[in-house]
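Please read the following report alongside the sequence and the model.

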Amino acid sequence: MRIAVDASGGDFAPYEIVKGVIKAAQELKDKGIEIILVGKRPVLHVQAGRHLKKLNISIAHAPQTIEFNEHPVEALRNKPKSSIAVGTMMVKEGKADAFVSAGSTGAMLCAAYLLLGKIEGIERPALASIIKLVPHAPALLLDAGANSDCRPQHLVEFARLGNIYAKNVIGIESPRIALMSVGEEETKGNKLVIETHQLLKTTPGLKFIGNVEGHDLVHHRADVIVTDGFTGNVLIKAFEGLGDSIIKIRQVSQAVNSASHLRGRALLADVGIGHMVKGMDFREVGGACLLGVKGTIIVSHGRSRAKAIKNAILMAKRTVEQRIPQLIAEEVKDNVSAVTV
């Protein structure tokens, strides 16, 4: 297996990206996995040179970088040798089995759509983000930001994509599918939610349990939460912001010690929020998987450091091992055949 990693994308590239790749390579040593750093070869040789052969790391030269403030389509057109374009083409050409990037999300989505293409029968690929607000009970939220404007059939499609990913990557035998809304009743919500609810009720192959509200996420009422990309992205960033705020408590833990006699981490565990801090920390998951394109693409947070990159690589490994794009293509084909019959 070969996993390509964008060494030029992200706020802390290339140093933290290389550091994360080395950590992942050490963990995956002797497992037949090559990690390919995609970026400026001279810089990467300096940063990772002594680890290349020892840890099965290689370099693919990509002299250009797409910045976060660039228009995605124009940037891809004007920078064909950017790390995002080169890494995505490696997946398309079979030179890599997956591509991980903490670079521009817009450019990553455009590269996946334009260079890899959508799986036949998929209208709207979606970003699937794993959230862990309850110990040992991960859930999948999609769409996490790829599609701001959706129609009911798109959300049904997201449910199917999430169902496949939750079964095969997270390991949930029969995922409970829920629709994000402002109330449990099927008449609650905007037009999109109400119409989607009616479609999901009659969609075969899905264990649809109805609507959930925001507060239900911390009670793990569902395994797959379906929503439009606008709402999903707001939710993900709200969790992230709350997690960052709680993590900052650790910086003042010494002031609490005198009263509690507990150190920072023990204090968090004592009040029952230690697991929530970890669950809201994007570094623990690594990234979101783009489902519905012809290849494995992991989109990491722009602020990713070594730990997040390592975990994103491990996520890419699990996704490739479970043949997620192929399973999606097979299910779409089966659904079309069933409708035809």
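Helices (H or I, at least four residues) and strands (E, at least two) are DSSP runs, and they are numbered from the N terminus. With that convention, Arg323 is placed in the loop between helix H13 (306-321) and helix H14 (324-340). The model is a predicted one, in which local features need pLDDT of at least 70 and side-chain atom pairs count only at pLDDT 80 or more, while totals for chains, interfaces and linings use all residues. Residues are numbered from 1 along each chain as its sequence is written, and side-chain values use heavy atoms, with hydrogens and water left out.

**Overall build**

The protein contains 14 helices and 11 strands. Of its 341 residues, 53% count as buried, where buried means under 20% relative accessible area, exposed means over 50% and partly exposed lies in between (1.4 Å probe, protein chains only). Contact means heavy atoms within 4.5 Å; among contacts between residues at least 6 apart in sequence, 69% join residues at least 24 apart.

**The pair H4 and H5**

Helix H4 (residues 83-92) packs against helix H5 (residues 105-116) at an angle of about 35 degrees, and their axes are 10 Å apart. Axes here are lines fitted to C-alpha atoms, for helices over the stretch in contact, and angles run from 0 to 180 degrees between N-to-C directions. On the H4 side the contact is made by Ile84, Ala85, Thr88, Met89, Val91 and Lys92, and on the H5 side by Ala107, Met108, Ala111, Ala112, Leu115 and Leu116. Sorted by class, this contact has 10 nonpolar, 1 polar and 1 charged residues, with Ala, Val, Leu, Ile, Met, Phe, Trp, Tyr, Cys and Pro counted as nonpolar, Asp, Glu, Lys and Arg as charged, and the others, Gly among them, as polar.

**Individual side chains**

Arg160, found in helix H6 (residues 152-170), is buried because its relative accessible area is 19%. Leaving aside neighbours within four places in sequence, Arg160 is in contact with Thr203, Pro204, Leu206, Glu331 and Asn335.

Phe230 has its place in helix H8 (residues 229-247) and, at 53% relative accessibility, counts as exposed. Not counting residues up to four places away in sequence, Phe230 touches Asn147 and Ser148. The C-alpha atoms of Phe230 and Ala146 are separated by 8.2 Å, although these residues are 84 residues apart along the chain.

The charged end of Arg305 sits over the ring of Phe12, 3.7 Å from its centre; a charge sits over a ring if NZ of Lys or CZ of Arg is within 6 Å of the ring centre and within 35 degrees of the ring normal.

**Backbone details**

| Peptide bond | Omega |
|---|---|
| Ala13 to Pro14, cis | near 0 degrees |
| Leu142 to Asp143, cis | about 10 degrees |

Pro14 lies in the loop between strand S1 (2-6) and helix H1 (15-27), whereas Asp143 has its place in the loop between strand S6 (139-142) and H6.

His220 has a positive phi of about 55 degrees although it is not a glycine. This residue, His220, belongs to the loop between strand S8 (207-212) and strand S9 (224-226), and His220 counts as buried at 17% relative accessibility. Arg323, likewise a residue other than glycine, has a positive phi near 55 degrees, and with a relative accessible area of 36% Arg323 is partly exposed.
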